[in-house]
Amino acid sequence: MCSKIQTFTLPLILTQLLQLLVGQLTLMIAVNKSVNTIAGITTVQGFLYALAGILGAVALAFNILGSEAVGAKDEARYQALIKSSLILNLIVGLVSGVIVVLGGHLLLALIYGFSGQLLNVATWYLVIQAPYILLILMTFLMTNLLKMQKKTQWILYVSVLTMGLNLGLNLLFVRCLSWGIIGASLASTSTLLFSVLSYGFVLRQSIAVALTSRVSVIGEILHKSFPLVSQEMLEGVILSVVFEALMARLGVRTLALYAICAQAIAFVKMPTLMYGNAVTIFLAESKGSGRDKQDLPSILGITLMSASIFYLVGVVLFSLFGRVYANLFVSQALAAQFQTAFRSVAALTVFSISYEVLKYSLQALGEASRVLKLTFIVNSVACLIMVSCQLLNLSSFTFLYLVNGFALLLLSLRFGWQLHLKMGGVN
């Protein structure tokens, strides 16, 4: 089991690592050490990532249902799931793009409190990124297909091509043509489109077969998606949009410091999310074949241990070289604050490892509704505390992360207990 999980996950980690590295290079090119630009771009990216995570729960539902079908060797159902997911992604992506174009300016002004130059910069970036949701949903679906087919090496190959394209377009649009944030947004959108077309070419035979299916399981996917979408809404809205909105109200410099820390933490947490992907695929397949209780302990042990090792290595590297890293994006004065801030953030975010792996495990085992209820209770309380302290002028950079970290700890403990009961056969 260990070799299977590592063979599946390590190409994904390498892919994501390369994507993050190129993302940092393109961000460095785009912001040119401007506090307003980095605050605007990273905030909009955070919002879009949160929105994609919420709507991408349809892809996660497909991941679980598709893996169960693979485990049960039900080819007809597997093809119907692919076709239905394609239709849902198209509808959701188009509607989301229209909403972003029509309401982007108002959203940035009301939720994040942006104004003046920062509001204009962020609005332009958001509007050009309108196709993002449709393209990212298609990317989610196609990479999930490759994961279920155990062909994760293709994800690496396509990612290398798209990363080179992204870097080249940023240099052309931002540095050579001096299009600034508009050029950065155009480069990002063009790269995503190329990525979708590339995955579509690799999977052309699978997609063609699926489109001939006369069976529709859209209703089943939506039913499976509901608790997953609600779960992502809680995480995306409370722990991303609300969190960043409160951080933005602490000042542009604090928001810029948060942006750099968030970029660094994305590196550190990335392997955890990839092992979460492995948990979903392998555990759902085990459930489909009736071996979930036998396989659960080894899957959990391997993924938790592996994710923890990667997290520790990442924290050590950023602790040693963090100031050099931060100085690539912001002034030396702000970069000097980064290492202290990062260590605090890393320590307070450590329970994201257990939270993510245990959450994916429960969802793969059909406990998405229970996960949703627990997350709603804990995150609602966390949100209430953060907003109340902000209104009382008691909030700070460290305080927001402290509340977030405590919420992750509580949820990890509760998820772990629920899995313990399930492993023991107790309902």
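**Exercise 1. How many salt bridges does the count come to in this predicted model, and which parts of the protein does the pair Arg-77 and Glu-220 tie together?**

Solution. The criterion comes first: a side-chain nitrogen of Lys or Arg must lie within 4 Å of a carboxyl oxygen of Asp or Glu. By this rule the count comes to four salt bridges. One of them joins the side chains of Arg-77 and Glu-220, with an N to O distance of 2.5 Å. Arg-77 belongs to helix α4 (residues 75-110) and Glu-220 to helix α10 (residues 218-248), so the bridge ties together parts that stand 143 residues apart in sequence. As for accessibility, Arg-77 counts as partly exposed at 23%, and Glu-220 is likewise partly exposed, with a relative accessible area of 32%.

**Exercise 2. Take the salt bridges Lys-359 to Glu-356 and Glu-367 to Arg-370, and state for each residue whether it is buried, exposed or partly exposed.**

Solution. The step needs two cut-offs: buried means under 20% relative accessible area and exposed means over 50%, with partly exposed in between. In the pair Lys-359 and Glu-356 the side chains meet at 3.2 Å, N to O, and the two residues, being three apart in helix α15, are separated by about one helical turn. Lys-359 has a relative accessible area of 1% and is therefore buried; Glu-356, at 9%, is buried as well. In the pair Glu-367 and Arg-370 the N to O distance is 2.9 Å. Here Glu-367 counts as buried because its relative accessibility is 15%, whereas Arg-370 is partly exposed at 37%.

**Exercise 3. Which residues make the nonpolar surface patch of about 910 Å², and where does Met-305 lie?**

Solution. The patch is made by Met-305, Ile-309, Leu-312, Val-313, Val-316, Leu-317, Leu-320, Phe-321 and Val-324. Met-305 is found in helix α12, which covers residues 292-327. Its classification follows from a relative accessibility of 54%, so Met-305 counts as exposed.

**Exercise 4. Describe the overall fold from its helices, its radius of gyration and its contacts.**

Solution. The secondary structure consists of 17 helices and zero strands. The radius of gyration is 21 Å, close to the 22 Å that the globule rule gives for 427 residues, so the protein is as compact as a globular protein of that length. Along its principal axes the C-alpha trace spans about 55 × 45 × 40 Å, and buried residues make up 56% of the 427 residues. Turning to contacts between residues at least 6 apart in sequence, 84% of them join residues at least 24 apart.

**Exercise 5. In which helix is the confidence lowest, in which is it highest, and how far is Ala-50 from Ser-178 in space?**

Solution. The mean pLDDT of the protein is 83, and 93% of its residues reach 70 or more. Confidence is lowest in helix α2 (residues 35-55), at a mean of 72, and highest in helix α15 (residues 352-364), at 92. Ala-50 is found in helix α2, and with a relative accessible area of 9% this residue is buried. From Ala-50 to Ser-178 the C-alpha to C-alpha distance is 29 Å, while the two are 128 residues apart in sequence.

Key:
Residues numbered from 1 in each chain as written. Predicted model: local features only at pLDDT ≥ 70, side-chain atom pairs only at ≥ 80, totals over all residues. Heavy atoms only, no water. Patch = residues over 30% accessible without salt bridge, like charges linked within 9 Å, V, L, I, M, F, W, Y side chains within 5 Å. Areas by Shrake-Rupley, 256 points an atom, 1.4 Å probe, with all protein chains shown as cover. Helix = DSSP H or I, 4+ residues; strand = E, 2+ residues; numbered from the N terminus. Buried < 20%, exposed > 50% of the residue type's maximum accessible area, 1.4 Å probe, protein only. pLDDT = per-residue confidence, 0-100. Rg over C-alpha atoms; globule rule 2.2 N^0.38 Å. Contact = heavy atoms within 4.5 Å.
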